[in-house]
Amino acid sequence: MIDGALAAVAAPVAHWLAAPQAGLLHPLWFLAGAGVSLVISGLPFRVPQQYWRFSGISDLMGIIGASVASAVVFSVALWLFDVSPPSSTFGIIYALVLLVMLGGARVTYRVLYGRVPYWAARQRIVLIGDDSVVDLYMRVFERNLRAGTRVAGIVAVGAHRSGQRIHNVPILGNVTEIESILDRLVRGRHRPDSLVVTDPAFRGSQLTDVLDAASTRGIAVLRAPALTDLAPAEQVCLRPIPLEDLLNRPQVELDRVGMEGMVAGRVVLVTGAGGTIGSELARQIARLGPRKLVLLEHGEFALWQISTELSQTAPDIAREGIVADVRDEARLDTVMADCRPDLVFHAAALKHVPIVEHNPTEGLLTNIHGTRVVADTAARHGVRAMVVISTDKAVNPSSLMGASKRAAEMYCQALDIHARASGDPRAMRCITVRFGNVLGSTGSVVPLFRQQLERGGPLTITHPDMCRYFMTVSEAVGLVLQAAVRGTQGLAEWDSGNRAASGTDRLLDNGGIFVLDMGEPVRIVDLARQMIHLAGLRPDEDVAIHFTGLRPGEKLCEELFHGREAPVPTDASGLLMATPRVVDREAVTRAVDDITRYAQNNDVEAALRILALLVPEFDHNPDGDARINGRDDTPEQPAGVQGLMARPARARIGPAG
């Protein structure tokens, strides 16, 4: 009806433009004829079905076709009824006037739809991103006018043309000039309320620089949802920058085909399945299509959580939840006999440094004896490969937790060397993977900081120079699976077995340990300040930071490699290899037997003496003194380990005290 009315108005206007002396007054049949001709001509071009609010180029083409067809039909009708047009150009003029009126009505409606007054309170935002991505988001914000958001400028990422405009919004400069751009806006009283990052790949050090520049000027930094995650246009939700985005880590290409070949159709057992690493292992393994996923966990509630989650996210994957203690050899033997796993991921451990310091026998029994129990029972029951999760705290350990994990590494190294050298194609491979902290893990610093921020602070840090390696849990677990694929290459039934031996294979044959490429270490105080910024607050002003002193067993900075080790690249992306000292299988077995016996008898002093002989670089720091990490001058074959090899266990160490 509106289009017909516009056509009825367009006809006398076109007649007047063609013959001004004729005036604008015309009989009703003339107006009605114009309206009817447009309604008829617009049907093939689907003009009545156009959604004015979303009018675009395709709608314009339909309007052009309908205008030309209507002008032709109207002119023919005038000729049939013996009505002379005012001039030979009337048809062309009528088509142009009709096009302007129909198109103008749609443009006007689209511009005015949901428009809030210019003077109304609106949030001024500046978009950061590539011009093509910014263009898409600006279209979204144009349809989100009722939210009161106005794009006041664009900061380009990569090549840009400063001073030009996109949708009449100026490009202010490149992101590398963010400080000068913000200063210019503040001086000109055009200070934005927030900066909005539109590019999902914009992260790391560049994002950190933007956060620093914005926080000093009291400007929030938000991230737009991914284009694939956009809700309806009226519900676009900007969210705070996640802490993970500040890690300056390149994307690692994972061997998804190899992972599926390793897991699909097989029984996989995960110990510690309710923990941070174990639960993420369960999630990612479930996506690879195992025949059965066995979740082994000592804590009932943690096991219930991950089992319930998988029942919703991976309902088609057969799974079994088992409550068991990895230190219980009889129980583990029954589990392995019943489940017959092909692959075991051993993530169960006591990992909290101060807690293990105060409960030494529990830490030794879980981390050393428990690892030995899982490995031995897995090997007895035909498991093809076992992947052991280790930690950077095992390098030059200053804590009982770190030393116990290093002892577990050494036992697994000895098993793997023996299996690879035996020539038995059925011998179990034992792959060890070492990495640092994961963001958000249970008991780690990030959840603690979040809790302290919710209470208004202060944030507590043990030492201003404390630094750690960080990685997201999903990335760490993806690389653990990558290491498992690389470590099991050559198993005849898992791959072709025709690969030529590489330097990585030779290192594995000699006890090499996979180390995840963690990037650069992060100072904990910098992490705390960034979390305060991300919360929209100011460090030391809105939220205080207190230093409490090192805790028992802590080091200022963790290490991924021993002082005498050089990081060795591998032929798998994201993975390095450590070549730590190895100990004969028989000797390390005797040492683990002694540590277990003394720990079970609660003889901590004797157990620690054996542990110190097995791990001579263990420089215990029970008082939490701030000192240089570890000892870098440990000989390749220390006297203590030689002694372990040479003498019977009972003759080696006397009674405690």
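Which residue stands opposite Val433 in E13? Ile389 does. The views below show this pair and other details of a predicted model.

**View 1. Strand E13 pairs with strand E12.** Strand E12 covers residues 385-391 and E13 covers residues 429-435. The two strands run in the parallel sense and are joined by seven bridges. Ile389 faces Val433 across the pair. Seven of the seven residues of E13 are buried, so the strand is largely enclosed by the rest of the structure. In a regular strand, side chains alternate between the two faces of the sheet. From E13, Arg429, Ile431, Val433 and Phe435 point one way. Cys430, Thr432 and Arg434 point the other way. Both sets are buried.

**View 2. Strand E2 pairs with E1 and with E4.** E2 spans residues 149-156, and six of its eight residues are buried, so E2 is largely enclosed by the rest of the structure. Strand E1 (residues 123-129) pairs with E2 in the parallel sense over seven bridges. Here Val126 stands opposite Gly153 of E2. Strand E4 (residues 169-174) also runs parallel to E2, joined to E2 by three bridges. In this pairing Ala156 stands opposite Asn174 of E4.

**View 3. Helix H1 packs on helix H4.** Two packed helices are described by the angle between their axes and the distance between the axes. For H1 (residues 2-18) and H4 (residues 90-112), the angle is about 140° and the axes are 8 Å apart. That angle makes H1 oblique to H4. The crossing is right-handed. Residues of H1 in the contact include Leu6, Val9, Val13 and Leu17. Those of H4 include Phe90, Ile93, Val97 and Met101. The residues of the contact divide into 17 nonpolar, one polar and two charged.

**View 4. Asn396 and Asn602 have positive phi.** Neither residue is a glycine. For Asn396, phi is about 45°. Asn396 sits in the loop between E12 and helix H14 (400-422). Is Asn396 buried or exposed? Asn396 counts as buried, because its relative accessibility is 0%. For Asn602, phi is about 60°. The loop holding Asn602 lies between helix H19 (585-600) and helix H20 (604-614). Asn602 is exposed, with a relative accessible area of 54%.

**View 5. A cis peptide bond joins Gly457 and Pro458.** Omega is about 0° at this bond. Where does Pro458 lie? Pro458 is in the loop between helix H15 (445-454) and strand E15 (459-461).

Technical notes:
Residues are numbered from 1 along each chain as its sequence is written. This is a predicted model: local features need pLDDT of at least 70, side-chain atom pairs count only at pLDDT 80 or more; totals for chains, interfaces and linings use all residues. Side-chain values use heavy atoms; hydrogens and water are left out. Buried means under 20% relative accessible area, exposed over 50%, partly exposed in between (1.4 Å probe, protein chains only). Helices (H or I, at least four residues) and strands (E, at least two) are DSSP runs, numbered from the N terminus. Two strands pair if DSSP finds at least two bridges between them. Axes are lines fitted to C-alpha atoms, for helices over the stretch in contact, and angles run from 0 to 180 degrees between N-to-C directions. Angles under 35 degrees count as roughly parallel, over 145 as roughly antiparallel, 65 to 115 as roughly perpendicular and the rest as oblique. A crossing is left-handed if the near helix is turned anticlockwise from the far one by less than a right angle, and right-handed if clockwise. Contact means heavy atoms within 4.5 Å. Ala, Val, Leu, Ile, Met, Phe, Trp, Tyr, Cys and Pro count as nonpolar, Asp, Glu, Lys and Arg as charged, and the others, Gly among them, as polar.
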